Amino acid sequence: MASPTSGQTTGQFIGISNLHVAAMLTDVSGGAATYDTPLDMGKVLIQVQIQPSNNQAQLYADNQSIDSANSLAEVQLTFETAALPLEYQAYLLGHTVTNGVMTVGKDDVAPYVAVMFQSDKRNGKRRFVKFYKVQFQEPDETENTKGENIEYNTPTMTATAIYRLSDGKLKDVADEEAPDFAPDTATSWYTAV
């Protein structure tokens, strides 16, 4: 592994935006992963929490730890959003929408999707994130009555990101401040997976 250049700096994160998803069509072990065209979810993203699920083991000998191994099993994602249209919820969760009514059935299966978004920096630069194989779960919602002060009710959706079978990839992260960042990476980030 090559050492990075000394003295690099980066702008501080101040926002998050541009949530896009693309349905995974195929993921063949030793083959290729294919996706539908990415869907722009609109101005809905409030917060994303990324929680890696790490496993670690220690090897002890002669009364001390002599080795350590760790692996990243999966990543838990939590998306706080503005209200999502029913069509978007159905798309992410495997439900159907007919005449403005979303039907949730016992045999519905949430599809795997790629998830893309960006973190915006105070200096105007951006960091782009793309998870390749994500499955969403039913949203947590809290509905409150309107009182003296208005409060927004924002749903929270959790999802699990796992490795692709085709190539073992979990995610890509690109940063405009990286020394060798190619500008066309930013312009093509949301056009295809």
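This briefing covers the strands, aromatic pairs, nonpolar cores and selected residues of one predicted model. Residues are numbered from 1 along each chain as its sequence is written, and side-chain values use heavy atoms, with hydrogens and water left out. As the model is predicted, local features need pLDDT of at least 70 and side-chain atom pairs count only at pLDDT 80 or more, while totals for chains, interfaces and linings use all residues.

**Strand pairing**

- Helices (H or I, at least four residues) and strands (E, at least two) are DSSP runs, numbered from the N terminus.
- Two strands pair if DSSP finds at least two bridges between them.
- Strand β5 (residues 64–81) runs antiparallel to strand β10 (residues 156–161), and six bridges join them; in this pairing Glu80 stands opposite Thr156 of β10.
- Strand β9 (residues 126–136) is also antiparallel to β10, with three bridges, and Gln135 has Thr160 in β10 as its bridge partner.

**Aromatic pairs**

- The structure holds four aromatic pairs, where rings of Phe, Tyr and Trp (its six-membered ring) pair if their centres lie within 6.5 Å; planes under 30 degrees apart count as stacked, over 60 as edge-to-face and the rest as tilted.
- One of them is Phe79 with Phe136, a tilted pair because the ring centres are 5.4 Å apart and the planes are at 40°.
- Phe79 lies in strand β5 and Phe136 in strand β9, so this pair ties together parts that are 57 residues apart in sequence.
- Phe79 is buried at 1% relative accessible area, and Phe136 counts as buried at 6%; buried means under 20%, exposed over 50% and partly exposed in between (1.4 Å probe, protein chains only).
- Phe128 and Tyr190 have ring centres 6.3 Å apart and planes at 65°, so their pair is edge-to-face.
- Phe128 is in strand β9 and Tyr190 in the segment after α2 (183–188), 62 residues apart; both residues are buried.
- Ring pairs also link Phe79, Phe117 and Phe136 into a cluster.

**Charges over rings**

- The charged end of Lys130 sits over the ring of Trp189, 4.3 Å from its centre.
- Lys133 lies over the face of Tyr112, 4.7 Å from the ring centre.
- For such a placement, NZ of Lys or CZ of Arg must be within 6 Å of the ring centre and within 35 degrees of the ring normal.

**Nonpolar cores**

- A nonpolar core is a set of buried Ala, Val, Leu, Ile, Met, Phe, Trp, Tyr and Cys residues joined through side-chain atoms within 4.5 Å.
- The largest core has 23 residues, of which Phe79, Val115, Phe131, Val134 and Phe136 touch the most other members.
- Elements that each supply at least two residues of this core include β1 (13–27), α1 (86–93) and β10, and the largest share, four residues, comes from β9.
- A second, separate core of 12 residues includes Ala22, Met24, Ala114 and Phe128.

**Two residues in detail**

- Lys121 lies in strand β8 (residues 112–121) and is buried, with a relative accessible area of 3%.
- The side chains of Lys121 and Thr10 form a polar contact of 2.6 Å (a pair of N or O atoms within 3.5 Å; within protein, one must be able to donate a hydrogen and the other to accept it, and residues adjacent in sequence count only if both atoms are side-chain atoms).
- Ile50, in strand β4 (residues 45–61), is partly exposed at 36% relative accessibility.
- Not counting residues up to four places away in sequence, Ile50 touches Val75, Gln76, Leu77, Phe117 and Phe131, with contact meaning heavy atoms within 4.5 Å.
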